[in-house]
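Please keep the 3D view open while you read.

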Amino acid sequence: MSVVEETPQLSTRRERVGWYFYDWANSAFSTTVVTVFLGPYLTSIAERAAGCDGAACDDAVIRPLGVAIAPGALFPYTVSLSVLLTVFVLPVVGAVADRSPRKKQLLALFAYVGAAATAAMLLLTGDRYLLGAALFLLANIAFGASVVVYNSFLPQIADEEDRDRVSSFGWAFGYLGGGLLLLLNVVAVLMKDSLGLSTGDVARYSIVSAGLWWAGFTTIPLLRLRNRPVVLDPSVGAGTGAVLADGFRQLWHTLKSLKAFPLTLFFLVAYLVYNDGIQTVIALASQYGTKELGLSDDVLVPTILMVQFLAFAGALLLGWTAKRIGAWKTLLLSLVLWTVIILIAYFLPAGRAVPFVALGGGIGLVLGGSQALSRSLFSQLIPRGKEGEYFGLYEISDKGTSWLGPLLFGLAYDTTRSYRVAIISLLVFFVVGFFALLAVPIRRAVEQAGNTPPARL
């Protein structure tokens with residue numbers, strides 16, 4: 001095992017830009033696959049299997065693994081299941097990352113597995129909804145695992161005063177990259193007739209393009225990031241030298257020792273609550289716009305494209321705000337704005353594009369910043385040497401991998417067959433999350449983790 005590093009080795013500008021590029025690479029999956037195309041496409045395949053494609057599906061059911069569900073509930077249930085599985089996978093991945101001197105290689109493994117599963121959705125045709133669900137499960141779990149490793153680099157490449165800015169740049173870069181690929185896919189949507197493609201063909205090829213984009217641009221961080229010596233927790237011991245076994249051992253120790261950092265745990269709980277709401281909005285916005293509001297892809301996809309580029313600006317804007325009033329206060333403000341967004345979404349009129357586009361603008365401005373500041377603020381609450389493990393717990397609800405929100409959305413729709421009831425049910429995550437975050441004494445929480453608080457919180 002590598003020697004213990006006494007002081008963090010901060011990064012060069014070249015390495016930080018390389019780190020930003022993994023946000024650029026993986027955001028194609030979040031944007032093109034999770035947010036835009038896979039939800040409606042997988043739902044249409046499930047409806048075809050149920051025999052109601054293009055007709056009313058109020059009473060139709062499919063039976064994946066013998067369980068009867070509404071076709072419209074398949075995608076949210078699949079998202080929920082994928083994250084339920086990550087509850088067991090990601091913390092172990094984080095523990096292994098902390099014990100391994102080869103973080104870059106771990107990043108490559110999970111990134112390329114996820115990208116390959118995404119590209120394999122080329123085979124998602126006919127009524128193969130089970131294939132689509134299985135590939136998404138694999139891709140989403142690999143996505144989450146890769147981001148655990150990626151996020152664990154943040155405390156190593158930026159000090160406490162610079163972390164909000166670096167994290168915000170990463171998120172902004174991600175939305176720019178995801179938005180650029182989505183722009184190309186929007187062009188394909190608008191030109192589908194001249195290209196001789198159906199809407200389903202465009203959706204399928206767009207999903208595949210996200211896998212290729214993810215794999216291709218992952219090369220840049222792999223060339224620029226550098227592995228660092230392992231920082232061992234002295235109370236865990238030197239380990240056996242077997243990284244996987246030591247990872248499980250360190251994870252068990254961390255779970256037992258969480259009681260020593262109750263404020264970090266409380267922040268994590270607050271984050272898991274409000275970020276479930278954010279991620280559910282991201283994942284199911286296109287399904288809501290298509291199925292409830294009756295909007296076509298010609299309206300929906302350009303609107304979500306607009307959201308991506310506004311999220312780039314929003315991440316920088318909220319990062320700028322955090323520099324002046326503190327990340328914690330800025331994050332609380334963003335949750336108030338999210339609450340307003342959900343209320344407006346419930347009352348949006350069906351079939352009218354302008355209100356939906358206006359709401360998309362609001363989502364874009366608050367989206368990137370709330371996620372970037374959550375990441376940087378949490379990094380201040382992690383005891384040194386446990387970045388991977390703690391980000392493994394964090395990633396359970398990060399970036400398109402929420403499970404309580406999709407589960408509640410799916411249950412609400414399955415029970416009422418109303419997407420409006422399903423969307424308003426998400427309000428609970430933002431209200432409870434706001435008050436939970438408000439109750440965290442954030443400066444004391446940073447100090448309790450053994451870190452130096454930044455000047456403004």
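This is a predicted model: local features need pLDDT of at least 70, side-chain atom pairs count only at pLDDT 80 or more; totals for chains, interfaces and linings use all residues.

Residues are numbered from 1 along each chain as its sequence is written, and side-chain values use heavy atoms, with hydrogens and water left out.

**The whole chain**

The protein chain holds 19 helices and zero strands; these are DSSP runs numbered from the N terminus (helices: H or I, at least four residues; strands: E, at least two). Of its 457 residues, 60% are buried, where buried means under 20% relative accessible area, exposed over 50% and partly exposed in between, with a 1.4 Å probe and protein chains only. Among contacts (heavy atoms within 4.5 Å) with a separation of 6 or more, 85% join residues 24 or more positions apart.

Two packed helices are described by the angle between their axes and the distance between the axes. Here the axes are lines fitted to C-alpha atoms, for helices over the stretch in contact, and angles run from 0 to 180 degrees between N-to-C directions.

| Pair | Angle | Axis distance |
|---|---|---|
| Helix 6 and helix 8 | about 155 degrees | 10 Å apart |
| Helix 3 and helix 4 | about 155 degrees | 8 Å apart |
| Helix 3 and helix 8 | roughly 160 degrees | within 7 Å |

Helix 3 passes helix 8 in a left-handed crossing, meaning that the near helix is turned anticlockwise from the far one by less than a right angle; clockwise would be right-handed. On the helix 3 side, the contact includes Ala111, Gly114 and Ala115, while helix 8 supplies residues including Ile207, Gly211 and Trp214. By class, this contact of helix 3 with helix 8 has nine nonpolar, three polar and no charged residues. In this scheme Ala, Val, Leu, Ile, Met, Phe, Trp, Tyr, Cys and Pro count as nonpolar, Asp, Glu, Lys and Arg as charged, and the others, Gly among them, as polar.

Helix 3 and helix 4 are also roughly antiparallel to each other, and helix 3 passes helix 4 in a left-handed crossing. Among the residues in their contact are Lys103, Leu107 and Phe110 of helix 3 and Leu135, Ala142 and Tyr150 of helix 4. This contact of helix 3 with helix 4 has 13 nonpolar, three polar and one charged residues.

Helix 6 and helix 8 are roughly antiparallel to each other, but helix 6 passes helix 8 in a right-handed crossing. Their contact residues divide into seven nonpolar, four polar and no charged.

Which residues have the most contacts inside the largest nonpolar core? They are Trp19, Leu38, Phe267, Trp338, Leu367 and Leu437, in a core of 135 residues. Such a core is a set of buried Ala, Val, Leu, Ile, Met, Phe, Trp, Tyr and Cys residues joined through side-chain atoms within 4.5 Å. Helix 1 (residues 13-50) gives the most to this core, with 18 residues. Beyond its neighbours within four places in sequence, leucine 367 is in contact with residues including Tyr175, Ile278 and Trp338.

Serine 167 is found in helix 6 and, at 0% relative accessibility, counts as buried. Not counting residues up to four places away in sequence, serine 167 touches Leu154, Ala372, Arg375 and Ser376. The C-alpha atoms of serine 167 and tryptophan 19 are separated by 10.0 Å, although the two are 148 residues apart along the chain.

How values were computed
Angles under 35 degrees count as roughly parallel, over 145 as roughly antiparallel, 65 to 115 as roughly perpendicular and the rest as oblique.
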